Amino acid sequence: MIMNKKKDINPSDHWNKVYANKDTELLGWYEDDVSPTLRLVRKSGAGPNSRILNIGAGSTMLVDSLLALGYTNLIATDISEVALMSLQERIGDKSNMVDWIVDDLTRPSQLNKLEPVDLWIDRAVLHFFTERNDQDTYFALMKQMVHKFGYVILAQFSAESADMCSGLPVHRYSLDTLNLKMGSDFKLITSFDHLYSMPSGDLRPYIYTLYQRIS
């Protein structure tokens, strides 16, 4: 579900090991209730045929939920091939209704060749990019891929949250810093704070946002 580029860590290896060595239900970002994200999907007005890109899909339950709600034009991407294979196996016969892409958001080789999308969904990916260059690459890719009047959902560790996750440092966000990163091309539609309870019982404050591209 997440990607990070550090000099001493191969991101693909790191996340493949994370997903291979731990049950999905025990992962620190696992949630069986994806209603906070679905709330923003509904707010965006995305229809069954809307082109939806789930960034850092990992083994999320969001893809299952979107399929169950009748969405038919889904793309799931992650840097971890192991994670996407696990998600495909869980979904079973419906996996052929999703386009699966293994790629690195900081060094995209496939995502940057796709047609624009109607909705970009990122829960807990962006905050793993602590280097300015990686953040800039992420936002440049997003702005390339989301067409005019399309939407972006960002759900990241808030300023009050932990500064580490899965053994890696994170970059925490406030609404002001997200607005600054999104720039004048996007308009904030709504935002809310969410207190996520990890499988361990620890709590992590998140900020959820929905933006629309206006230019």
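The largest nonpolar core of this predicted model holds 43 residues. Within that core, the residues with the most contacts are Val41, Ile52, Val63, Leu66, Leu74 and Leu119. Another core lies apart from it, with 25 residues, among them Leu111, Val125, Leu126 and Leu141.

- You will find leucine 74 in strand 2, which covers residues 74-78.
- Leucine 74 counts as buried because its relative accessibility is 4%, and the cut-off for that label is under 20%.
- Once neighbours up to four places away in sequence are set aside, leucine 74 touches Ile52, Val63, Leu66, Leu67, Met97, Val98 and Asp99.
- Ile52, Val63 and Leu66, three of these partners, are also listed among the residues with the most contacts inside the largest core.
- Methionine 97 is another of the partners; 23 residues separate it from leucine 74 along the chain, while their C-alpha atoms are 7.3 Å apart.

**Asparagine 54, a buried residue in strand 1**

- Asparagine 54 sits in strand 1, made up of residues 52-55.
- With a relative accessibility of 6%, asparagine 54 counts as buried.
- Which residues does asparagine 54 touch, not counting those up to four places away in sequence? They are Thr60, Leu62, Val63, Ile75, Ala76, Thr77 and Ile121.

**Where the two meet**

- Val63 is in contact with asparagine 54 and with leucine 74.

Methods:
Residues numbered from 1 in each chain as written. Predicted model: local features only at pLDDT ≥ 70, side-chain atom pairs only at ≥ 80, totals over all residues. Heavy atoms only, no water. Core = buried A, V, L, I, M, F, W, Y, C linked by side-chain atoms within 4.5 Å. Buried < 20%, exposed > 50% of the residue type's maximum accessible area, 1.4 Å probe, protein only. Helix = DSSP H or I, 4+ residues; strand = E, 2+ residues; numbered from the N terminus. Contact = heavy atoms within 4.5 Å.
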